[in-house]
Amino acid sequence: AMKMSEIKDMSLPELNKKGRELGEELLKLQVRKQTGQVERPHVIKELRRNRARILTMIKHLEADSLSNS
């Protein structure tokens, strides 16, 4: 799992890219889960949480840039 400290060190473009990558990965895994091919179901949960952490960080950064302008 990614730590919040790792996420805090990323720039907004990096966060957006990583969020997209995790989203695609998640989609693939969920499709495989439907067909019963996921050997490690906990990976889906971990991905969802990592993506949520990243999205939270993006929201914070966007809020900061709005309040600073």
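Is valine 31 buried or exposed? Select valine 31 in helix α2 (helices, H or I, at least four residues, and strands, E, at least two, are DSSP runs, numbered from the N terminus). Valine 31 counts as exposed, at 51% relative accessibility (buried means under 20% relative accessible area, exposed over 50%, partly exposed in between, with a 1.4 Å probe and protein chains only).

**Model and confidence**

This is a predicted model, in which local features need pLDDT of at least 70, side-chain atom pairs count only at pLDDT 80 or more, and totals for chains, interfaces and linings use all residues. Residues are numbered from 1 along each chain as its sequence is written, and side-chain values use heavy atoms, with hydrogens and water left out.

Colour by pLDDT, the predictor's confidence in each residue, from 0 to 100. The protein averages 91, and 99% of the residues score at least 70. Confidence is lowest in helix α1 (residues 4-8), with a mean of 91, and highest in helix α2 (residues 12-34), at 94.

**The helix pair**

Next, show α2 together with helix α3 (residues 42-68): their axes come within 9 Å and cross at roughly 155° (axes are lines fitted to C-alpha atoms, for helices over the stretch in contact, and angles run from 0 to 180 degrees between N-to-C directions). That makes α2 roughly antiparallel to α3 (angles under 35 degrees count as roughly parallel, over 145 as roughly antiparallel, 65 to 115 as roughly perpendicular and the rest as oblique).

**The salt bridges**

Side chains of opposite charge can pair when their charged atoms come close.

Start with glutamate 21 and lysine 17, whose closest N and O atoms are 2.9 Å apart. Glutamate 21 and lysine 17 are 4 residues apart in helix α2, so about one helical turn separates them. Glutamate 21 is partly exposed, with a relative accessible area of 34%, and lysine 17 is partly exposed at 47%.

Finish at glutamate 39 and arginine 32, whose side chains form a salt bridge at 3.2 Å, N to O. Glutamate 39 is exposed, at 54% relative accessible area, whereas arginine 32 counts as partly exposed, at 32%.

Key: A salt bridge is a side-chain nitrogen of Lys or Arg within 4 Å of a carboxyl oxygen of Asp or Glu.
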